[in-house]
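Reader: I have not looked at this one before. Can you take me through it?

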Amino acid sequence: MPALCRAAVAAFCLLILSASLALAQTPGPSSAQDAKPKPAPAQAAPAPEPAAKKGDEAAVKKTPVAVDHDDADPVGARLAYRLKELLGRSSLMTPTNKDEKKLVIVLKTKEEFPGRPNLCSIYSVSWLFSSREGALKYFLASEAGIVDASGVDQTAEALLGRTDKLASTYGYLF
């Protein structure tokens, strides 16, 4: 019998607790006094905004990226130039040549057909992480392909997109 009484008391306590929580959450009749406390929670809402701004400032930190290209074929040079140009406009990455932690895009290009230099280029891209000049660079990824004069913009955007993905994947290195 005592176990049955304890169970009944526990059930009664849970019922009272749930009823009091339900009453506390339901709004009562509105009066002039109830209208004054309601702006107080609205004033409490801006308090988290500075924390959100701090999070935005951390998210705004741009990843430093260097582009390394020294080949002379015309389409490959346009690809490298377009990649650097898009990198300069990026809100997520910033071009750099400083001695700092950075991603390095090594772009190698060659003419697809030596007799027709302005038609297409074969490119190879390697993404490396460099902690400082003179230190060993760490290989992250690579890609190869063919780009023609009309596809330079699209290829540069795709390479920059892949760079952003690698920067988010290996962001802990910075």
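Reader: Leaving aside neighbours within four places in sequence, which residues is serine 142 in contact with?

Author: This is a predicted model, to start with. In it, serine 142 touches Val125, Ser126, Trp127 and Arg162, if neighbours within four places in sequence are left out.

Reader: And what is the place of serine 142?

Author: Serine 142 belongs to strand S5. With a relative accessibility of 41%, serine 142 counts as partly exposed.

Reader: How far apart are serine 142 and serine 126, in sequence and in space?

Author: They are 16 residues apart in sequence, while their C-alpha atoms are 4.2 Å apart in space.

Reader: Back up a bit. In what order do the five strands of the sheet come?

Author: The order is S2-S1-S3-S4-S5, in an open sheet with mixed pairing. Strand S2 (93-95) and strand S5 (138-148) stand at the edges; each has a single partner strand, so one side of each has no neighbour in the sheet.

Reader: Now S1. Do S1 and S3 run parallel or antiparallel, and how many bridges join them?

Author: Strand S1 (residues 63-68) and strand S3 (residues 102-111) run parallel, joined by four bridges. Aspartate 68 is opposite valine 106 in S3, and valine 67 is opposite isoleucine 105 in S3.

Reader: How many bridges between S1 and S2?

Author: Three, and that pairing is in the parallel sense. Threonine 63 stands opposite methionine 93 in S2. With H5, the strands S1 and S2 make a right-handed β-α-β unit.

Reader: Why is S1 described as largely enclosed?

Author: Five of its six residues are buried, so the rest of the structure largely encloses S1.

Reader: Different topic. Where is threonine 96 found, and is threonine 96 buried or exposed?

Author: Threonine 96 is in the loop between S2 and S3. Its relative accessible area is 9%, so threonine 96 is buried.

Reader: What does its side chain make a polar contact with?

Author: The side chain of threonine 96 makes a polar contact with the side chain of glutamate 100, at 2.7 Å. A polar atom of the threonine 96 side chain also lies 3.1 Å from the backbone nitrogen of lysine 98. Not counting residues up to four places away in sequence, threonine 96 touches Pro64, Val65, Ala66 and Lys102.

Reader: Is lysine 98 buried or exposed?

Author: Lysine 98 is exposed, at a relative accessible area of 57%. Lysine 98 lies in the loop between S2 and S3. Its C-alpha atom is separated by 9.8 Å from that of valine 65, and the two residues are 33 apart along the chain.

Reader: What about the core: how many residues does the largest nonpolar core have?

Author: It has 25 residues, and those with the most contacts inside it are Leu79, Ile105, Tyr123, Val125, Trp127 and Leu159. At least two residues of this core come from each of S1, H5, S3, S4, S5 and H6.

Reader: Which residues is leucine 159 in contact with, leaving aside neighbours within four places in sequence?

Author: Leucine 159 is in contact with Leu79, Leu83, Tyr123, Val125, Trp127 and Glu143, with those neighbours left aside.

Reader: One last residue. Where does threonine 155 lie, and what does its side chain reach?

Author: Threonine 155 lies in helix H6. The side chain of threonine 155 reaches the backbone oxygen of glycine 151 at 2.8 Å. Threonine 155 counts as buried, at 13% relative accessibility. Leaving aside neighbours within four places in sequence, threonine 155 is in contact with Leu79, Tyr123 and Val147.

Notes:
Residues numbered from 1 in each chain as written. Predicted model: local features only at pLDDT ≥ 70, side-chain atom pairs only at ≥ 80, totals over all residues. Heavy atoms only, no water. Pairing = 2+ DSSP bridges. Buried < 20%, exposed > 50% of the residue type's maximum accessible area, 1.4 Å probe, protein only. Polar contact = N/O pair within 3.5 Å; in protein donor to acceptor, adjacent residues only side chain to side chain. Contact = heavy atoms within 4.5 Å. Right-handed = clockwise from strand over helix to strand, strands pointing away. Core = buried A, V, L, I, M, F, W, Y, C linked by side-chain atoms within 4.5 Å.
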